[in-house]
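I opened the notebook for a new model today. The entries below keep to what I looked up, in the order I looked.

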Amino acid sequence: MRQARTLTDKQLRIVLAHCATRRHAARDRLIVLVSFYAGLRAKEIAAMRISDVIGDDGKVRDEFVLAAAQTKGGKARRVFLNERLQAEISSYLQSAKHSKRCDALFQSQKGSAFSANTLCQLFLNIYSQCDIEGASSHSGRRTFITKLAGNGVSVRVLAELAGHASISTTQRYIDVNDGQMRSAVELA
């Protein structure tokens, strides 16, 4: 099976511009950004609750714990939110119609939580409408890991962020492109 395509910054801007035209623009934008800036899987994004990202003080957390039931591997893990993603979550929650902290962070048109499969279909729909071939719900995750690797983050740290038990799994996520290879040979 072919791996999901990693996206360039330009392609991400195209996707976000497209999200702005959609019926659920704020929701779809944040779903995409959680994938790209936290590296979460569709299952994990679908399982997120408001209480995961909002503390008792009403502020967006800089980290939260995904419970074992929310992850693919069945092991709880911490998720770190960068400042940009924290601001995006705060903005989204100000405009979203949620009533309880236990509500799903992302709700479908029917007002219920997304299933992992439905969220995968949402990603495919968005990427298809942007004419980005080979992209899937895993594209944000692969792009997240690849960008961090390109910025010198160790594979061990990447594995922890991704929730991988083995660094060999993480290494398969790292995409290599011509620009990286050109930069590498200039170091010689």
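Predicted model: local features only at pLDDT ≥ 70, side-chain atom pairs only at ≥ 80, totals over all residues.

Where is D131 found? I found D131 in the loop between α6 (116–129) and α7 (139–150).

Residues are numbered from 1 along each chain as its sequence is written, and side-chain values use heavy atoms, with hydrogens and water left out.

Entry: D131. I looked up its cover and got a relative accessible area of 68%, so D131 is exposed. For these labels, buried means under 20% relative accessible area, exposed over 50%, and partly exposed in between (1.4 Å probe, protein chains only). I also noted the backbone: phi of D131 is near 60°, a positive value in a residue other than glycine.

Entry: the whole protein. I listed 10 helices and 2 strands. Both kinds of element are DSSP runs numbered from the N terminus, helices being H or I of at least four residues and strands E of at least two. From the N terminus on, I read the order as α-α-α-α-β-β-α-α-α-α-α-α. The radius of gyration is 17 Å, close to the 16 Å that the globule rule gives for 188 residues, so the protein is as compact as a globular protein of that length. That radius is taken over C-alpha atoms, and the rule is 2.2 Å times the number of residues to the power 0.38. Along its principal axes, the C-alpha trace spans about 55 × 35 × 30 Å. I noted that 41% of the 188 residues count as buried.

Entry: V15. I placed V15 in helix α1 (residues 9–19). V15 has 0% relative accessibility and therefore counts as buried. Leaving aside neighbours within four places in sequence, V15 is in contact (heavy atoms within 4.5 Å) with L7, V32, I126, Y127, C130 and I132. I checked one of these pairs along the chain: V15 and Y127 are 112 residues apart in sequence, and 7.0 Å apart in space, C-alpha to C-alpha.

Entry: D28. Is D28 buried or exposed? I found D28 buried, with a relative accessible area of 1%, and placed it in helix α2 (residues 25–38). Not counting residues up to four places away in sequence, D28 touches C19, R22, L122 and I126. The side chains of D28 and R22 are joined by a polar contact of 2.7 Å. Such a contact is a pair of N or O atoms within 3.5 Å; within protein, one must be able to donate a hydrogen and the other to accept it, and residues adjacent in sequence count only if both atoms are side-chain atoms.

Entry: V34. I found V34 in helix α2, buried at 2% relative accessibility. Beyond residues up to four places away in sequence, V34 touches G39, L40, I45, M48, L85 and F106. V34 and F144 are 110 residues apart in sequence and 9.9 Å apart in space, C-alpha to C-alpha.

Entry: T146. I placed T146 in helix α7, where T146 counts as buried at 8% relative accessibility. Apart from residues up to four places away in sequence, T146 touches T6, Y173, I174, D175 and Q180. The C-alpha atoms of T146 and Q171, 25 residues apart along the chain, are separated by 9.1 Å.
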